[in-house]
Amino acid sequence: MISIIFFNLYMPEECLYQKFSVLFVCVCIYMFVCFLTGEVRRKSSFRQSPLLSAAPVRALIDEQISIKGRFLSQNYPVTVCAQMHSEEGDLWEAFAHYTTNASRSINLTSDHSVGGSYLGCEPMGLFWALEPALRSREGLRLRKRNVETPYIVNISLLEGHTSPSEGQSTELAAVTVERWYMAPGVRRIEIRQNKIVGTLFLPPGPGPFPAMLDLWGMGGGLSEYRSALFASRGFASLSVAYMGHKDLPGPPDIMSVANLYFKSAFQLLQDHCQVDADRIGVIGLSFGVCLTLRIATRIGVKPSCLICINGPVGSPLLDEDGKTKTIESDQKHWELDDRGRVSFRHVSLPDNLPAENKQKVKNITCPLMYIVGEDDLCAASTENADVIEEALRSAGKSQLFTRLSYPGAGHLIEPPYAPCARVSLWRAKPEKCELKFSSHCILLRIQYIMVNKFAVGCFWVFLFVCFSSLQYSLCGEVTPHPTLLLKKIPGRGS
Amino acid sequence: MQLSLRLKCLSVQPSRGLMDEKFIVLVQNALPGSQLTIRALHQCEDGHSWEAFGHYTADTTGTINVSEDPSIGGTYSGVEQMGLLWSFRPIPGSKSGLRMRKKNIQTPMEVTISVYQGHQTEGFADLVPLSGVAVERWYMAPGVRRIPVTEGGLTAALFLPSGPGPFPGLLDLWGGGGQLVEYRAALLASHGFASMAIDYLTAKITMETGKMVDNQYFETAYRVLQQHPQVCGSKIAMIGLSFGTSITLKMAVYSEVIKLSAAVCISGSHVQPVDGSVEEILRFFQKNGEKTRFSEKNEVIWRDLLLPIPTDPSLKVNVGRLQCPLLLVVGEDDQNWPSQESALDIKEMMARAGNSHLLTVLSYPNAGHLIEPPYTPHARSSTLKTVEIEEKVMCLWGGQTVEHSRAQEDAWKKMVVFLKENLYGGRNPTSFSHL
């Protein structure tokens, strides 16, 4: 530029006009270029580096977290990736592909994923689509044992559309998120009295609180997380173990506690000074449904409401006193597929249940909500719901019955946004029970209100239940008992 | 019958948040038109209890939303979303001169928010609340790491944000009270800055040898930060409050080693013997000690010690030589330092020297000296033990609670934006092309 100017200045006189015109043009071009680079310089010198934010950054498990990435380039492909370690040390991951728009940002609550662990607009997809990373152990299922600490999830923003296993892309930004089962102030109290083995969770505050008795399935053990979440939502909640726990009498694979056990548990809640004795409900999943119905009809207590999830109205394994035989004792209704995976669905078909084992549903005097996963391969949920509905209708109590039925949902309808268990090892010998997993996941959120018209006073229960996935699973819950993990033996027909 | 027996539902969203995060306090299922008191209670680390409360009337749907409905009485009034936190005051019967400061920032501040029937003003301990919620307020976001720093004789704590980095760095200095005050550094780390809080008045080395630290101490801190593998060495800023401002300005202008990308000075002054050590500066202040005034309540007012602003250039940091952006935060009712007068003088000096484009001044009427992270309860005066005086004095800081709290919120927001602009996306001279 300078040399051109000097060259022009030293050209001979007769080219004066041309000299000045060329000079003028050069100066214009120079100014234009300066302007451009100045612009670019100004813009690029104040460009904010990419930022990934999550709000809230510490949340309850059932709370929505809004994840946003900002200060990216326009129409830029990015991958959002979530990683966490389970308590057992396994790595779980999920990722999704997004493309930024004109605002140079992505917002997971409104944008659509175009690839990865989930597709479409899924604000919480990164959490419920978590899967064990490649080369993990088989048969993993994410269940939190210690509910007093949070799940720590690292969420990162990567350049381009990649997957975390490729490990090649640049990380643009990251944020760490904590997900808690216990809200601040919730108290956890271990219960080992009156022969009850359980854990009580109390909400913060003076109370008195309505309460829930929380029952799981034949997997046994003591699962606390749903109770902890109930307490975080204002319900005192007692989780009890009834089989497969070291503090319970008898062998771990049968239920050695009888009706009196559940009565004691219910009364423990009633007698607690911070619990409103007239407002206690019972929730049961899978085999827990059978127990829930039994508690409502046979043992002399009056719950205010019942929630039954995917469970049978009776069981051949349950005898008069309430004790059971082992699930392996009667395999005639077991169904095995060609990969040796078992479905227990036909075991609980009402037609296959002896009449004397069915609970006397017509004696129920409180509202009952039955949640059905229509694709449950572990329990015949739809059929059992029909039986209960019919029994209540013929007793003139159809107003007590509410059904929530979800097409494509599986057996384990658990607290929301929890990752799906694709393969879950169960206790039963000698077959290996495996999950068949569905092709896609649906996330649903329900809020329902139950009104108890018969208890003393009125009682509103607001429960937020979300479904984590469409999954087929074993019946019963898996509490992996190290000594009872079964070995792979080819099933029938393979 | 149904309505009155519905549980009054109190919720705070989010129930676990950062200290500078807003929350929404919601009461539902109240009787429409009923009078309720929402109260916050906190017991701090030294055992003192603090409370704040607002009087509300439920609307026709039986709901109270603290972020939309006005409080008609209590420790705050009007529509104040975070009033329950910034209007905290010691419960009746407490000692005077208390100030809420968290020492252990790895645990949250636990606040219990409850709702009571009627418009109550006292005797909360004897009342039964209708509902209560526990809320946690954290200085450290998930993933932020705290690393104690002792190399080079430093007494400091480094807070690293979560993520891979590298992060811009920040040196965080407090004032004449000394001690290692970590909470602001932790909160800034939660915003993405690798922040090092430094104790330079009561450092271990000072307590052991009895000698004040020299300028090299700060340069060592700078080097330690610069050399950290997760810190971007070319993007380091410094933030100082009160006496920390004096150090910050001095380092920004005169240090050969410390090259700052930005500086934030809160409630301080540039008046000091140029090129003096920490000890010399303190002695300079003590010389003017007779200018100390006292309020009617016998609170110490130290703002006159540096007034009038001298014209002698050897008694003022030559801010005309400053090369990095400077943010000054000033409380116009500062009774402890003449921050407003100093800010005006700094502005003049920089205008004369031609670098006033680097200066931003945030001046808040009726705000006092202690401009802290948002929602920190305002202390108009509190007991203070400085390094120079043996016994505790009641020091007047100034400020009116409502305006001071608004100033804290506004200043913090603008400070974080200022730091982000200059540390995350600032000018980098080496990247200019040559035409």
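Tutor: Buried means under 20% relative accessible area, exposed over 50%, and partly exposed in between (1.4 Å probe, protein chains only). Helices (H or I, at least four residues) and strands (E, at least two) are DSSP runs numbered from the N terminus. This is a predicted model, in which local features need pLDDT of at least 70, side-chain atom pairs count only at pLDDT 80 or more, and totals for chains, interfaces and linings use all residues. Residues are numbered from 1 along each chain as its sequence is written, and side-chain values use heavy atoms, with hydrogens and water left out.

Student: Which residues of α8(B) are buried?

Tutor: An α-helix has 3.6 residues a turn, so residues three or four places apart point the same way. In α8 (residues 339-353) of chain B, the buried residues are B:S339, B:S342, B:A343, B:D345, B:I346, B:M349 and B:M350. They lie on the same side of α8(B) because they cover an arc of only 165° around the axis, taken from the directions from the helix axis to the C-beta atoms. The face turned away from this buried side carries the exposed residues B:L344 and B:R352.

Student: What covers the buried residues of α8(B)?

Tutor: The cover includes α6 (243-254), β18 (326-331) and β19 (359-364) of chain B, where contact means heavy atoms within 4.5 Å.

Student: How many residues has the largest nonpolar core?

Tutor: A nonpolar core is a set of buried Ala, Val, Leu, Ile, Met, Phe, Trp, Tyr and Cys residues joined through side-chain atoms within 4.5 Å. The largest one has 72 residues, and helix α9 (residues 401-424) of chain B gives the most to this core, with 8 residues.

Methods
Chains are lettered from A and ligands numbered from 1 in the order in which they are written. The expected span of a helix is 1.5 Å times one less than its number of residues.
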